[in-house]
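Biologist: Let's go through this one together. I'll ask what the labels rest on, and you give me the criteria.

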Amino acid sequence: MSDAPLILTLAFDEPTFARFDGLRRRHFPEAINVIPAHATLFHHLPGDRERAVIETVASLARTVPPPDVAVTGLRFTGRGVAYVLESEPLAAFRARLAQAFADHLTPQDAQGWRPHVTVQNKVDPKVARALHADLQQGFAPFRFTAPGLLLWRYLGGPWEEVSRLSFGENA
């Protein structure tokens, strides 16, 4: 599996992870909910270059203080619901990574980035619309500080954690 793609996600602080993952466990179809709540920075980095990917991400992450991230709203996705994330420092960091990995990016990762955390997907649109309305009614924007990043290996459905990388060690 050393050539299986690598996925890079944002690490959440514990309360934020508990909040998002709890919502995901409640609202994501159980049969296909094989990964924890996450915000993806890259969907497909080269698995056969794992060591180089880790070194590149780690060296850039060390230069950036843990970014403040705003959770600004909810997005209805047609067959699901996601929380919208905004962070200029995180977007700038991702842009630097995109530049570093430019020769290896898939079209999905090369296009514009819209950070989000999906808590429901692949359900009937009526079910998704109802959850969106319900969550929207009680939504209040909030913020969290992202401590780092998680690198995963895609295993055809489930993911295997490869590395945890911290922000700001040399910031």
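Biologist: Which strands does helix α3 lie across, and at what angle does it run to β2?

Modeller: Helix α3 (residues 88–100) lies across β1, β2 and β7, and runs at about 15° to β2. Angles go from 0 to 180 degrees between N-to-C directions, with axes fitted to C-alpha atoms, for helices over the stretch in contact. Bear in mind that this is a predicted model: local features need pLDDT of at least 70, side-chain atom pairs count only at pLDDT 80 or more, and totals for chains, interfaces and linings use all residues. Residues are numbered from 1 along each chain as its sequence is written, and side-chain values use heavy atoms, leaving out hydrogens and water.

Biologist: Why are β7 and β8 called a pair?

Modeller: Pairing takes at least two bridges found by DSSP. Strand β7 (residues 148–154) and β8 have seven, in the antiparallel sense, so they count as paired.

Biologist: What makes β2 and β8 edge strands?

Modeller: The open sheet has the order β2-β1-β7-β8. Both β2 (40–45) and β8 (159–166) pair on one side only.

Biologist: What is the span of α2, and what is expected?

Modeller: The expected span is 1.5 Å times one less than the number of residues. With twelve residues, α2 reaches 16 Å from its first C-alpha to its last, close to the 16 Å expected.

Biologist: Which residues of α2 are buried?

Modeller: Val53, Ile54, Val57, Ala58, Leu60 and Ala61 are, buried meaning under 20% relative accessible area with a 1.4 Å probe, protein chains only. They pack against β1, β2, α3, β7 and β8, where contact means heavy atoms within 4.5 Å.

Notes:
Helix = DSSP H or I, 4+ residues; strand = E, 2+ residues; numbered from the N terminus. Buried < 20%, exposed > 50% of the residue type's maximum accessible area, 1.4 Å probe, protein only.
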